[in-house]
Amino acid sequence: MSETSFARPRLVTKKFLPKHQREGDGAVVRRCIGRSELKTLDPFLMMDDFTVSPPAGFPDHPHRGFETVTYMLQGGITHQDFAGHKGTIHTGDVQWMTAGRGIIHSEMPAGEGVHKGLQLWINLSSQDKMIEPRYQELLSKDIPSAEEEGVEVRVIAGESMGVQSPVYTRTPAMYLDFSLRPSTQVHQHIPESWNAFAYVIEGEGVFGYQNNSPIPPNHMAVLGPGNGLSVWNRSSKPLRFVLIAGQPLNEPVVQYGPFVMNTQAEIDQTIEDYHYSKNGFEMAKHWRSH
């Protein structure tokens with residue numbers, strides 16, 4: 001991809017290796033957003049690089065007030081919710097779940113072996129927090145992709161190389177999966193007002209400025225302001241990373257585990273709704289995954 005200079009190139013303002021921690025029932029995650037190094041990055045509340053093998057998993061749990069985006073890197077995850085929605089996403093598939101006013105679901109490994117993926121939590125604005133839940137699911141073969149001069153992109157959300165994702169992002173966001181062959185480079189426009197980060201899946205890449213030292217696998221790179229990002233693969237191995245950006249909501253965030261609202265009163269109400277199976281959690285009363 002030819003050299004493109006951005007008027008205001010985005011540079012890496014913070015990079016770190018997220019440590020492993022246990023989550024769910026025996027799963028292991030690298031928590032990229034939602035820990036001491038990076039509490040939140042508006043509109044993003046959390047991102048986990050997860051690894052799970054049976055019998056571990058993420059048994060029945062609720063959500064309210066945001067979206068979860070699950071992108072499978074290896075294996076599969078079977079999910080089922082209290083509204084009777086169920087299915088399995090496999091390597092390269094994505095599930096974009098808008099929890100809205102309430103979902104209770106389970107996410108468990110689909111079969112033996114090791115299952116890996118990324119799960120991102122995207123906040124919803126105050127006016128969208130109590131909308132009806134919905135799912136957008138894309139099979140790997142249906143994720144739009146493009147390739148140019150040794151650079152391939154899978155467009156999970158947003159637009160790149162003239163290709164657009166069909167995913168509707170209620171909180172405006174982009175989610176791009178880039179693969180760069182050795183000695184290639186990519187220059188990606190990012191809306192100036194959005195917050196953005198990159199996470200390296202494999203290989204190592206130079207981000208933002210040609211003379212920077214390369215960022216190795218499993219590292220987070222938080223990006224500063226600007227209108228685009230440049231990345232170079234100077235190594236002899238392929239580079240794969242996700243570039244994720246979103247429009248900040250600039251609203252107060254009050255979080256209690258899997259509930260994210262704007263005020264403590266709304267959190268108290270959510271806990272009551274969940275406890276008494278009302279206001280979006282009605283179907284919780286008699287439901288258990290199986």
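Ala, Val, Leu, Ile, Met, Phe, Trp, Tyr, Cys and Pro are counted as nonpolar, Asp, Glu, Lys and Arg as charged, and the others, Gly among them, as polar. The model is predicted, with local features requiring pLDDT of at least 70 and side-chain atom pairs pLDDT 80 or more, while totals for chains, interfaces and linings use all residues. Residues are numbered from 1 along each chain as its sequence is written, and side-chain values use heavy atoms, without hydrogens and water.

A pocket is an open set of points with protein on both sides within 12 Å along at least five of seven lines; a cavity is a set where a 1.4 Å probe fits but cannot get out. Lining residues have an atom within 4 Å of a point. Grid points are joined across faces, edges and corners, and a volume is the space filled by probe spheres set on the points. Helices (H or I, at least four residues) and strands (E, at least two) are DSSP runs, numbered from the N terminus.

The largest pocket holds about 330 Å³ of space. Its lining comprises 20 residues. Glu23, Phe58, His61, Gln119 and Trp121 lie nearest the centre. Two or more lining residues come from each of strand 3 (27-33), strand 4 (44-52), strand 5 (58-63) and strand 11 (115-123). Strand 5 contributes the most, with five. The lining has nine nonpolar, six polar and five charged residues.

The second largest pocket has a volume of about 270 Å³. It is lined by 14 residues, and Asp49, Thr51, Leu73, Lys116 and Asn218 lie nearest its centre. Strand 3, strand 4, strand 6 (66-74), strand 11 and strand 19 (195-202) each supply at least two lining residues. Strand 19 has the largest share, three residues. By class, five residues of this lining are nonpolar, four polar and five charged.

UniProt, in an unreviewed entry, lists residues 175-279 as "domain: Pirin C-terminal". UniProt positions follow the numbering used here, feature names are shortened, and annotations may be inferred rather than shown by experiment. The span is 11% helix and 44% strand, and its end C-alpha atoms lie 31 Å apart.

Leu11 sits in the segment before strand 1 (12-16). Its relative accessibility is 40%, so Leu11 counts as partly exposed (buried is under 20% relative accessible area, exposed over 50%, partly exposed in between; 1.4 Å probe, protein chains only). Beyond its neighbours within four places in sequence, Leu11 is in contact (heavy atoms within 4.5 Å) with Gly208, Tyr209, Val222, Leu223 and Gly224. Leu11 and Gly228 are 217 residues apart in sequence, yet 9.2 Å apart in space, C-alpha to C-alpha.

Conventions. On a 1 Å grid over the protein atoms alone, a cavity is a set of points where a 1.4 Å probe fits but cannot get out, and a pocket is an open set with protein on both sides within 12 Å along at least five of seven lines; lining residues have an atom within 4 Å of a point.
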